[in-house]
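Please keep the sequence and the coordinates at hand while reading.

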There are 6 protein chains.
Amino acid sequence: MRPSGREPSQMRAVTLERNIAPKAEGSCLVAFGSTRVLVTASVETSLPSWRRGQGLGWVTAEYGMLPRATGTRTRREATAGKQSGRTQEIQRLIGRSLRAVVDMAALGENQITIDCDVLEADGGTRTASITGAYIALADAIAWMNERKLTKANPLRDTVAAVSCGIYRGMPVLDLDYLEDVEAETDANFVLTGSGKFVEIQGTAEQNPFSREELDTLMGLAEKGISELTVLQKTALGG
Amino acid sequence: MRPSGREPSQMRAVTLERNIAPKAEGSCLVAFGSTRVLVTASVETSLPSWRRGQGLGWVTAEYGMLPRATGTRTRREATAGKQSGRTQEIQRLIGRSLRAVVDMAALGENQITIDCDVLEADGGTRTASITGAYIALADAIAWMNERKLTKANPLRDTVAAVSCGIYRGMPVLDLDYLEDVEAETDANFVLTGSGKFVEIQGTAEQNPFSREELDTLMGLAEKGISELTVLQKTALGG
Amino acid sequence: MRPSGREPSQMRAVTLERNIAPKAEGSCLVAFGSTRVLVTASVETSLPSWRRGQGLGWVTAEYGMLPRATGTRTRREATAGKQSGRTQEIQRLIGRSLRAVVDMAALGENQITIDCDVLEADGGTRTASITGAYIALADAIAWMNERKLTKANPLRDTVAAVSCGIYRGMPVLDLDYLEDVEAETDANFVLTGSGKFVEIQGTAEQNPFSREELDTLMGLAEKGISELTVLQKTALGG
Amino acid sequence: MRPSGREPSQMRAVTLERNIAPKAEGSCLVAFGSTRVLVTASVETSLPSWRRGQGLGWVTAEYGMLPRATGTRTRREATAGKQSGRTQEIQRLIGRSLRAVVDMAALGENQITIDCDVLEADGGTRTASITGAYIALADAIAWMNERKLTKANPLRDTVAAVSCGIYRGMPVLDLDYLEDVEAETDANFVLTGSGKFVEIQGTAEQNPFSREELDTLMGLAEKGISELTVLQKTALGG
Amino acid sequence: MRPSGREPSQMRAVTLERNIAPKAEGSCLVAFGSTRVLVTASVETSLPSWRRGQGLGWVTAEYGMLPRATGTRTRREATAGKQSGRTQEIQRLIGRSLRAVVDMAALGENQITIDCDVLEADGGTRTASITGAYIALADAIAWMNERKLTKANPLRDTVAAVSCGIYRGMPVLDLDYLEDVEAETDANFVLTGSGKFVEIQGTAEQNPFSREELDTLMGLAEKGISELTVLQKTALGG
Amino acid sequence: MRPSGREPSQMRAVTLERNIAPKAEGSCLVAFGSTRVLVTASVETSLPSWRRGQGLGWVTAEYGMLPRATGTRTRREATAGKQSGRTQEIQRLIGRSLRAVVDMAALGENQITIDCDVLEADGGTRTASITGAYIALADAIAWMNERKLTKANPLRDTVAAVSCGIYRGMPVLDLDYLEDVEAETDANFVLTGSGKFVEIQGTAEQNPFSREELDTLMGLAEKGISELTVLQKTALGG
């Protein structure tokens, strides 16, 4: 039995609220149950120097957590003077996931920076971030398309993410915090709307898993992503 | 004429939404017009080492801005590796303002950390932060009182803050961003509910001001604070 | 009774020794009683990049304390790896105070950097710094005027600073360290020679103050500044 | 055709040279073709404070590259003042991989720190690091067993790692640098000697991959790991 | 001919002004010609943790330069966020030089921190620092002896320092800035009052020097140190 | 009697293995007994900005130690976030030593960066580094000469380094770790192949030394360097 009473293959309630940050070119408040992340997409018509002169754009991401997104206060990274290894790992994952569905030539020599700031953390902050970031990205690209800043539509597909894991011996979809802490195995999947894998990250610090278990988790992930893709398309009004 | 069409002594619409961060002992989403700040209060039953053994508590504050709280993206301080001088100045001000209404002996050897994170910035982020922080602080102290963590009620008064300035020769209350940029003189006032001054910070980088002008600004501030005090008491259900 | 035996409205002995740092374009060793600050003004005929191309100059300030300026040794900020929030707050205040009396168009695209290094600290280091910095600034500008580096005389007024506070219930002028530690209320005032306010920073962490008390402190400050202005003019030989 | 002329399922020549660092409790110079990593294991009979008092040990890892391990010189991280996100990601992966085969209760309240320093980088530095780190770890644990520092033998299994990817449309095992740069898809697999998965990290920044492709890569990885496991056992003289 | 008109073996005018920093247990304003350094000695009756419990004291030193000690402004190290390699090298040298004449057992478990802050730099700041630091150290130790903080007199000898170099082919004593910039060879000598060598640091980035040249420089150094030793003894009233 | 059984004037076994790092333009694995340092030389056809436009090249060095080069693990400087004062001192020494034998005009506007990474530390890491760095430098310059990147042969002489010290009252050559820890006096000598001094750094934190003792140490150093010079010439095949 899951702590939340959910079925093994049941996701938490997911909401995607667009245009939550009026100053940004794209934004989304995404919730996976109690996990809430505020995502903004910022367009710049310039590039970092290492990327210039190739006719290609760039998409990058940064991630943060408000100090009291967690049950006990977490030290503010700006005070600590650096981002933790975990933070850097997550923001690199978000950036790679989004770049997988963007045609950089069509984007032109522009950069989009995605900021994911966790308002409340209850497990799955990275998967919620990616899922919501797609919405902010799509809106920012639409904003650019309207202003003729792109060469063609740079969006090649949708992208979403979900976690799966083995909790008390049972493969489950979309782990919340209570499950995450206890799970023997934990995997994050990033898939496109067309069902292809962009990233798969499975970890079994406690109990190494078999190939069969991994197959089961992949099946759960595919189900979850297909649901998220429908929600994304609905949110974007198409 | 003010850009917003407000009267010189008219504040922006102010809202104080309590308990917005379910994990924190106290929290408030405060809005001064478009300026929105998420404030949390975190209780710890321990103290930093320099404060221990005196029978006194401590209240401290940290301040941050989401990168896209502003019209163009601001660099994330966690990435820059340090808090800016402006950030430190503001968080020190917030901490001092709140400590002025707390009886540290009654608080006991506990610490309350206030986090003010700006979701959207349209002028007056520090005054909105202080005004909202009082709500989060009051709720955190109530939480402590219920659990017998305090010796007596540590709250001695309410506290709120507002800015005033001289905009195109006209003294005005509660400057928004458009006014702030252009103002010749800019002052922040922190007052208690009983009308006493906790902090006054006036700056005239452009045009030094006369004592008469300062008097006018103080009058506006007293009006604004009395309105904020009513809103705070209403929010706290008293 | 004040620890020093001074009258409530009596300043400490103030001295302004010009040209104390032979390599600098302007310099001053300023003493407010035992508080001694070495101030230098450095002229550069270039600007930081964000300020270029507007036909305007810039004045900025940095502040530091020798480790043994204080009764017990203070950790060197270069060793700690960063300037404290207090240091940044003070150097930002000094910079704003000086800019208020400089015509940036007349200064041309040049920068003056003021360095205030406290040799001995006995209260009022920021007000002594500002008062002495005016002398170093004036000498540096005279040096520039002689070399035709300015377009017109950029100095619009003099500027000086003093602290006031309520010590054991009595409003007093120019707090020394013993008074500062104990004062219920503490305010710093920066005024021009013509009696206008550039900055006012009042803090009442202990006991919030009334508007009447603030009025009294302002009166003391005006008296102190008028005395400092005379000393500044005398020092500059006018 | 692979640049090296290898068959798709052919690994590079792998060597594991034990006891290369005479001062360390365990050490190994591991080569995957031209990729060479010097691994040491350091035993401490104390723990970081957050881990104490639970009767459990800890295994952690750090990773670095000599500046000229690469074709053009890479900036030294000690000079840059911090470890890159990539470095942190890799060292966290190495630590998790090793912890998966260690019984922390049997290890007792001791810590083993693994240092992986890349002498020459030609693709697969993280998989070579993990594979070599197992040797250093095993020797360090044997050293501890001899000295009765452990409660029982803490080693539960062997662990090794290998990368697979899709290079010019062809699934290949153990990518070298030339393949890595061009690969559409890139995955790292960490498996135990008994064939269970500890970590799987697949990335497709260029072309998302299908579940079938992932299955093929997993098959290659299982083949590679079984070969590495034989080499590890041989090296350890068993 | 030397730029200053001095004879090859002639030192600059040296002055040692004691008790210049009233808050410090020992202090000295030392001048070697235009080079002026303010030195303080701070006594603490505790030790850094690595030194405790051995019955031995410690003497350490820190060095800094005011930004406008130099002809053009040097960036403040507190702003840069770290001490330069040159600064660290110098302060390590000062610390070693002083420790050579202190009996650490007699000092007891106390620490003396020497701060050398250069007010004006005209060559030889490290040798002036060491020479002046001896005075501050001696006064701090006398202060400790009076208060029975030491076990016996910890001062075993005096210590002073001077630079020598080959300037335009001519061996000269006590290089000033103009000579230092141009010198082919540059050596710093730290000797005790009894004529023993504590440190010798010779550098010939331009033209390697012969053993004969080094001998000549050593002779000059011995002459200079003997003069400095007389001045030190006079300053200390002996 | 020396711990190693060596004669007072006997060096440890020294080996110089060229071309150990295949990606670098020059490299050398140098051993002084158990002390082993991996040195690489990296050629860049550009210069840091401060050196450009003068028609002169530049040679610089960086130094590091693998964490387990030492008997107990040393903290990784990349993790600590900065290079220690000791590290900076050593790398500055290496750079100066090599520059003394390079004709910067002949080198042209190119930079050579020497990296010295200590694999095992048993005393004398800085002298081994310099001695091995000369080999890497010579090979890198030969590589440049072949490609016509230089204007003439920039190598003016060879350079090598050795330490001497007074161990239990006996002057000895090439101190190993056991001797270094205990030595009263410790000096490093950098000499050219033609017998001139480039650097001399003598330190006597324990017992100041006499001029006679220094003379003896210099004699030992000259002997050691002449042996190292022969080995260098042999290694370079000529």
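The sections below treat chain interfaces, salt bridges and helix packing in turn.

## Basis of the model

The model is predicted, and local features are reported only where pLDDT is at least 70. For side-chain atom pairs, pLDDT must be 80 or more.

## The interface of chains A and D

Chain A contributes 32 residues to its contact with chain D, and chain D likewise contributes 32 residues. Together the two chains bury about 2900 Å², of which 47% lies on carbon and sulfur atoms. Within the area that chain A buries against chain D, 22% comes from Glu89(A), Glu205(A) and Arg211(A), more than from any other three residues.

Charged side chains also pair across this boundary: 6 salt bridges are counted between chain A and chain D. In one salt bridge, Glu89(D) meets Arg92(A) with an N to O distance of 2.7 Å.

## The interface of chains E and F

The contact between chain F and chain E involves 32 residues of chain F and 32 residues of chain E. The area buried between chain F and chain E is about 2900 Å², with 47% of it on carbon and sulfur atoms. On the chain F side, Glu89(F), Glu205(F) and Arg211(F) provide 22% of the area buried against chain E, again more than any other three residues.

Between chain F and chain E, 6 salt bridges are found. A salt bridge joins the side chains of Arg211(E) and Asp215(F), where the N to O distance is 3.9 Å.

## Chain pairs without contact

Which chain pairs do not touch chain B? Chain B and chain E share no contact, and their closest C-alpha atoms are 10 Å apart. Chain B does not touch chain F either, the nearest C-alpha atoms of that pair being 12 Å apart.

## Salt bridges in the whole structure

Over all chains, the search returns 132 salt bridges. One pair that crosses between chains runs from Glu89(D), in helix 2 (residues 85-99) of chain D, to Arg92(A), in helix 2 (residues 85-99) of chain A.

Helix 6 (residues 211-235) of chain B and helix 6 (residues 211-235) of chain C have axes that come within 13 Å and cross at roughly 160°. Because angles over 145 degrees count as roughly antiparallel, helix 6 of chain B is roughly antiparallel to helix 6 of chain C. The crossing of these two helices is right-handed.

On helix 6 of chain B, the contact is made by Arg211(B), Leu214(B), Asp215(B), Met218(B), Gly219(B) and Glu222(B). Helix 6 of chain C supplies Arg211(C), Leu214(C), Asp215(C), Met218(C), Gly219(C) and Glu222(C). By class, the residues of this contact comprise 4 nonpolar, 2 polar and 6 charged.

## Helix packing within chain D

How are helix 4 and helix 6 of chain D oriented, roughly parallel or roughly antiparallel? Helix 4 (residues 125-146) packs against helix 6 (residues 211-235) of chain D at an angle of about 30°, and the axes are 10 Å apart. Since angles under 35 degrees count as roughly parallel, helix 4 and helix 6 of chain D are roughly parallel to each other. Helix 4 of chain D passes helix 6 of chain D in a right-handed crossing.

Thr131(D), Tyr134(D) and Ile135(D) of helix 4 meet Leu228(D), Gln232(D) and Ala235(D) of helix 6 in this contact. The residues of the contact between these helices of chain D include 4 nonpolar and 2 polar, with no charged residues.

Methods:
Residues numbered from 1 in each chain as written. Chains lettered and ligands numbered in written order. Heavy atoms only, no water. Axes fitted to C-alpha atoms, helices over the stretch in contact; angles between N-to-C directions. Helix = DSSP H or I, 4+ residues; strand = E, 2+ residues; numbered from the N terminus. Parallel < 35°, antiparallel > 145°, perpendicular 65-115°, else oblique. Left-handed = near helix turned anticlockwise from the far one by under 90°. Contact = heavy atoms within 4.5 Å. Nonpolar A, V, L, I, M, F, W, Y, C, P; charged D, E, K, R; others polar. Buried area = accessible area lost by both parts, 1.4 Å probe. Salt bridge = Lys/Arg side-chain N within 4 Å of Asp/Glu carboxyl O.
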